[in-house]
Amino acid sequence: MLLLFSCVVFGLVGRVLRVSKIHDGTVIDHICGGYGLEVVKILGITGREGRVLTIGVNVPSRRFGVKDVLKVEGRVLNASEVNRIALVAPHATINIIRDFRVVEKLVVKLPRVIEGLVRCVNPACVSNSGEPVVARFYVECEEPLLLKCHYCGSLLERADVLRQL
Ligand code: CTP
Ligand code: ZN
């Protein structure tokens, strides 16, 4: 009896809700542990928009060991924002919440071609020359991230992308 009781108590503690549920907005879940703040940057959230933002960093996850989770109240992300998130969080799940319920669940997916989001690392690249040329990259590998410049063939890794955020 005592053993059963301790198991129940342990179960409840193990499932303790660290970040509360939201009414309306977007939950970005399963971000690799430690990268949630990069996602905040990608979304251009400053904290001065007047919206409630909740961040869980390195919270326990059954699937990934640890994960980051971001809850943005009162904002629904569009497709291009979702794709941008894939640059730093390739396994993220985007949950759209309405009236406390998950009404849509999207798994992020990097597009094959990325335009205008990141700059080429090669200063001599035509996309850095001040000409009206939009930087364009092909996704050579999603994980570990590897992007190849359309113009000069330079390769960018995740660290190169993170430096630009
Ligand atoms: N969530 C929230 N507010 C709500 C509903 C859900 O903040 N009103 C959050 C949950 O805390 C969870 C995420 O949205 O982090 C997804 O919710 P749900 O689909 O109910 O959870 P899981 O089934 O665990 O999701 P998955 O299968 O994607 O792991
Ligand atoms: Zn280039």
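Q: Before we start, how are things numbered, and which parts of the model count?
A: Residues are numbered from 1 along each chain as its sequence is written, while chains are lettered from A and ligands numbered from 1 in the order in which they are written. This is a predicted model, where local features need pLDDT of at least 70, side-chain atom pairs count only at pLDDT 80 or more, and totals for chains, interfaces and linings use all residues; side-chain values use heavy atoms, with hydrogens and water left out.

Q: How many helices and strands does the protein have?
A: Helices (H or I, at least four residues) and strands (E, at least two) are DSSP runs, numbered from the N terminus. Here there are four helices and nine strands. Starting at the N terminus, their order is α-β-α-β-β-α-β-β-β-β-β-β-α.

Q: Which residues are around ligand 1?
A: A residue is near a molecule if one of its heavy atoms lies within 4 Å of it. Among those around ligand 1 are Lys21, Asp29, His30, Arg63, Phe100 and Lys105.

Q: What classes of residue make up that shell around ligand 1?
A: Ala, Val, Leu, Ile, Met, Phe, Trp, Tyr, Cys and Pro count as nonpolar, Asp, Glu, Lys and Arg as charged, and the others, Gly among them, as polar. On that scheme the shell around ligand 1 holds five nonpolar, two polar and five charged residues.

Q: Which side chains have a polar atom close to an oxygen atom of ligand 1?
A: The thing to look for is a polar contact, a pair of N or O atoms within 3.5 Å; within protein, one must be able to donate a hydrogen and the other to accept it, and residues adjacent in sequence count only if both atoms are side-chain atoms. Lys105 has a polar side-chain atom 2.7 Å from an oxygen of ligand 1, Arg63 has one at 3.1 Å, and for Asp29 the distance is 3.2 Å.

Q: Which elements give two or more residues to that shell?
A: They are strand E1 (25-32), strand E4 (93-98) and strand E5 (101-107). E1 gives the most, with three residues.

Q: What coordinates the zinc ion?
A: Look for donors, meaning N, O and S atoms within 2.8 Å of the metal (3.2 Å for Na, K and Ca); water is not among the atoms, so sites may look incomplete. The zinc ion (ligand 2) is held by the SG atoms of Cys120, Cys125, Cys149 and Cys152, at 2.3 Å. Along the chain, these donors follow the spacing C-x4-C-x23-C-x2-C.

Q: Why is the zinc arrangement called tetrahedral?
A: Four donors count as tetrahedral if all angles lie between 85 and 135 degrees. Around the zinc ion (ligand 2) the angles are 100 to 113 degrees, so the arrangement qualifies.

Q: Is Cys120 buried or exposed?
A: Buried means under 20% relative accessible area, exposed over 50%, partly exposed in between (1.4 Å probe, protein chains only). Cys120 is buried at 7%, whereas Cys152, at 34%, is partly exposed.

Q: Where is there a cis peptide bond?
A: Most peptide bonds are trans. A cis one joins Glu143 and Pro144, with omega about 0 degrees, and Pro144 sits in the loop between E7 and E8.

Q: Which residues other than glycine have a positive phi?
A: Most residues other than glycine have a negative phi. Asn58, in strand E2 (residues 53-61), has phi near 55 degrees. Phe100, in the loop between E4 and E5, has phi near 75 degrees.

Note on methods. Tetrahedral: all angles 85-135°; square planar, octahedral: opposite > 155°, others 65-115°.
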